[in-house]
Amino acid sequence: MTSAGTYVPKPGAAPLPRMIAAQAALETKMLLRNGEQLLLTVIIPTLLLALFSTVDIVDTGEGKAVDFLAPGILALAVMSTAFTGQAIATGFERRYGVLKRLASSPLPRWGLMTAKTASVLVVEVLQVILVTVIALALGWSPQGNPFTVLLLLVLGTAAFSGLGLLMAGTLKAEATLAAANLVFLLLLVGGGVIVPLDKFPDAAQSVLGLLPISALSDGLRDVLQHGGGMPWGDLGILAGWSVVGLAAAGRFFRWE
Amino acid sequence: MRSEPVVQVQALVKRYGDKTAVNGLDLRARAGVTAVLGPNGAGKTTTVETCEGYRRPDSGTVRVLGLDPVRQSRELRPRIGVMLQSGGVYSGARADEMLRHVARLHAHPLDVDALIERLGLGSCGRTTYRRLSGGQQQRLALAMAVVGRPELVFLDEPTAGLDPQARRATWDLVRDLRADGVSVILTTHYMDEAEQLADDVAIIDAGRVIAQGSPEELCRGGAENTLRFTGRPGLDIGSLLKALPADCAAAELTPGSYRVVGKVDPQLLATVTSWCAQHGVMPDRISVERHTLEDVFLELTGKELRS
């Protein structure tokens, strides 16, 4: 039983870094525990990589299929976590009052968003390691500068996070679930992930090329497959989506 | 105990679209336990959520522990504990995991294991939140509200839908909080809960506080009480009425069964018994029926059901 004096008030917020670290750890745990999330972020990308690298279904142009596919799958991994996974998880957190409850805790809102970003980055690091290991096992020979790759991944994460949070903060949780999955599927097919964009009609290509997923997969492919330098065009497109998405999310996000 | 109010709401107005949820509400809660009573849709939750900093008043002022809940939210949040009416937990989180997490956001949290034991959450084990029973979810939300050792706790319908044992456990915790100097604002539909726990009760209807005071004051104020006794039939009611204060009524309901209606206090009781003594009447089965909070509540808010 509890003795007298147990509940005597002694309020106080934990130090900010400790709060953010705790929040990021919990968010990561929730992402990794959720079966549907793992299907999106781990199983689908690795299956697609293994399947299309070994079975000649799509004409991926000259060279080994895995050299074409691995950059696309890395882009898909970023999209699955930063956009689809984050949108669905955040949408349901909003629906079930988690965001509301945390808003009255000592953790400031920006601290919560920082923690969310950190947990997205942790999951992405795990994804990149997994995809890289599988791709290397399938004979992948990556080219180019790793820092350029890192820059592309970070900008891609920013662009997809903004769009994912915009969706989660404005639509109903069920609508977010449906829409995020649909967008994932459409962009998987039409975003140069496993199907080269030049398979599409010219008119479609110019539009599809402006999508964040196309910019990310094209940029990564430029560097990793062709050993190209800074893909300024693609970086510009991703930066544009980041600014628009994050600004719109910041403006329109509703916490309940 | 401190005398300055822990919550002070003045002329609060809050509208949602063209619906006015709170309409010029004044509420002053002192240290201790304050129960906010009211029918559905009276504005209880809106009022409490404005105090918690979730809603911005359309007009009026709100001070909680002397702070503005919106502008000084950062200072206020560590000092209050919040139990929402429902939800607030990751659907994939286990009870102990979520409680430990909230504890980590505070500088001097309670002992989490002791709190889990105290509220009977130990049996939740590895079950995730969405699979917990309603009662377990409620108790977890309560634990999350107190784990940070706040000065003031807001509980929005803390025992709605709980079984009697769980209700007792919640009441006991509220009493212990009060004993240790934690102030509690709770909304409830249950009159017995307010009667049992509250130092002060505020009755809200249609977005305003229509009565406030201790449960005793509210039960005494205005409402008439009843005194009954039995004796031999045909006693002289006129003589009894002369002995009683002017605003009392008396009647023989059935032969030998008498009723006095009025402000029933010790003086009135003494008057009736001494009148009986003078007339050689043994007042058998003398009883006093005091109004309950429920009577007062229904009197004030009307008996008809509303949507």
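**From one residue to the chain contact**

V184(B) touches V33(B), V153(B), L155(B), V174(B), L177(B) and R178(B), leaving aside residues up to four places away in sequence; two residues are in contact if their C-beta atoms, placed from the backbone, lie within 7 Å. The model is a predicted one, in which local features need pLDDT of at least 70 and side-chain atom pairs count only at pLDDT 80 or more, whereas totals for chains, interfaces and linings use all residues. Residues are numbered from 1 along each chain as its sequence is written, while chains are lettered from A and ligands numbered from 1 in the order in which they are written.

V184(B) lies in strand β7 (residues 183–188) of chain B; helices (H or I, at least four residues) and strands (E, at least two) are DSSP runs, numbered from the N terminus. V184(B) counts as buried because it has 28 C-beta neighbours inside 10 Å, the criterion for buried being 20 or more other C-beta atoms within 10 Å of the residue's own, with exposed meaning 12 or fewer and partly exposed in between. The C-alpha atoms of V184(B) and I80(B) are separated by 9.7 Å, although the two are 104 residues apart along the chain.

L177(B) also takes part in a helix pairing: G135(B), R139(B), L142(B) and V146(B) in α5(B) meet A166(B), T170(B), L173(B) and L177(B) in α6(B). By class, this contact of α5(B) with α6(B) has five nonpolar, two polar and one charged residues (nonpolar: Ala, Val, Leu, Ile, Met, Phe, Trp, Tyr, Cys and Pro; charged: Asp, Glu, Lys and Arg; polar: the others, Gly among them). The axes of α5 (residues 134–146) and α6 (residues 164–179) of chain B come within 11 Å and cross at roughly 10 degrees.

The domain assignment of chain B gives domain 1 (7–219) and domain 2 (225–290), with bounds from an automatic or database domain assignment. The centres of these two domains of chain B, taken over C-alpha atoms, are separated by 45 Å.

The contact between the chains takes 31 residues from chain A and 38 residues from chain B. On the side of chain A that touches chain B, the elements giving two or more residues are α1 (16–33), α3 (65–95) and α4 (98–103) of chain A. Of these, α1(A) gives the most, with six residues. By class, that side of chain A has 17 nonpolar, eight polar and six charged residues.

Notes
Axes are lines fitted to C-alpha atoms, for helices over the stretch in contact, and angles run from 0 to 180 degrees between N-to-C directions.
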